[in-house]
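Subject: Structure handover

Hello,

I am passing this structure on to you, with the sequence and coordinates below. My notes on what was found follow after that.

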Amino acid sequence: MSSETQAAPTTPAISVEDIRLSYGEAQVLSGVDLTVNRGDVVALIGSSGSGKTTLLRCLNLLAKPSHGKISLSGDPFFHFDNGKDELGLSAAQTNAIRSRIGMVFQQFNLFPHMKVLANVMEGPKTVKGEAHSTNRDRAMSYLKKVGMADFADRSPSSLSGGQKQRVSIARALNMEPEVMLFDEPTSALDPELVGEVLSTMIELAKEGMTMIVVTHELGFALEVANRVVFLDQGTVCADGPPSDILMNPPNERVKGFVNRFHQTAEMMKPFIKSE
């Protein structure tokens with residue numbers, strides 16, 4: 001066994017170096033560096049407009065940075081230096097690496113004209129050309145995993161928001177990704193449906209799935225994540241264990257953000273019925 005093979009387990013799942021992105025004159029990401037190891041559950045938090053979703057979209061090139069480098073398990077698939085492509089990968093090569101990253105969106109993005117099972121099978125069918133029987137069996141296993149196997153022949157329009165999001169998670173898992181990205185997966189849900197989606201994510205975390213989660217669910221970040229990354233004005237303002245970042249904020253910017261959430265929770269208590 002080569003030394004390179006022996007060292008492989010220590011290779012970060014995701015490595016981001018000096019990522020920058022602007023929309024016109026607005027600098028959204030201003031040189032982000034981030035390393036995510038295998039099995040990490042990273043909660044990405046920050047105020048609206050801080051660059052959280054943009055960074056997440058950059059990780060699978062749904063948004064294309066103007067500068068920086070992104071690698072998956074040691075395989076670089078984006079490297080631009082001031083607009084110059086330093087890799088020269090073909091679109092097929094880039095997409096092959098991107099397909100190893102799963103993405104769950106705020107608004108589910110299920111195909112309305114397809115049944116639940118067909119939605120889950122679509123990625124491996126279209127991207128990988130996988131055999132129907134293999135794809136179907138695995139898709140059903142993931143629907144079972146998220147508690148949606150009984151809904152395989154239903155249309156997305158007949159599902160609740162929480163059910164749609166669990167189908168979205170099964171769809172992403174069916175591509176057998178190395179990393180899962182979640183963009184505020186509970187923000188579009190009614191409060192009573194949030195728990196069913198978070199419980200699915202908690203199970204994935206327990207199984208060792210590498211996850212990066214843009215979230216305002218600070219309770220989830222505190223209890224499930226092993227790291228919290230705080231973005232402010234397009235840069236990493238804090239990065240560390242949840243107890244350190246959320247319970248003992250390292251600077252005034254993080255402290256102000258966390259305190260606002262605590263204050264909002266206190267204000268809502270009189271309106272929340274006790275069990």
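The model is a predicted one. I begin with the lining of its largest pocket, to which helix H3 (91-98), strand E7 (101-104), helix H4 (116-128) and helix H6 (161-173) each supply at least two residues. H4 gives the most, with four residues. The volume of the largest pocket is about 630 Å³. Its lining is made up of 19 residues, and Ser99, Ile101, Met103, Val127 and Met175 are the closest to the pocket centre. By type, the lining residues divide into nine nonpolar, seven polar and three charged.

Next, the sheet. Six strands make up an open sheet with mixed pairing, in the order E7-E8-E9-E3-E10-E11. E7 and strand E11 (235-240) are at the edges and have a single partner strand each, so one side of each is left without a neighbour in the sheet. On average, neighbouring strands of this sheet are turned by 20 degrees against each other, direction ignored.

The pairing of E7 with strand E8 (residues 179-183) is parallel and runs over four bridges. Met103 has Leu181 in E8 as its bridge partner.

Two helices lie across strands of the sheet. H6 lies across E7 and E8, at about 170 degrees to E7. Helix H7 (residues 191-206) lies across strand E3 (41-45), E8 and strand E9 (210-214), and runs at about 145 degrees to E9.

Regards

Methods: Residues are numbered from 1 along each chain as its sequence is written. This is a predicted model: local features need pLDDT of at least 70, side-chain atom pairs count only at pLDDT 80 or more; totals for chains, interfaces and linings use all residues. Side-chain values use heavy atoms; hydrogens and water are left out. On a 1 Å grid over the protein atoms alone, a cavity is a set of points where a 1.4 Å probe fits but cannot get out, and a pocket is an open set with protein on both sides within 12 Å along at least five of seven lines; lining residues have an atom within 4 Å of a point. Grid points are joined across faces, edges and corners, and a volume is the space filled by probe spheres set on the points. Ala, Val, Leu, Ile, Met, Phe, Trp, Tyr, Cys and Pro count as nonpolar, Asp, Glu, Lys and Arg as charged, and the others, Gly among them, as polar. Two strands pair if DSSP finds at least two bridges between them. Axes are lines fitted to C-alpha atoms, for helices over the stretch in contact, and angles run from 0 to 180 degrees between N-to-C directions. Contact means heavy atoms within 4.5 Å.
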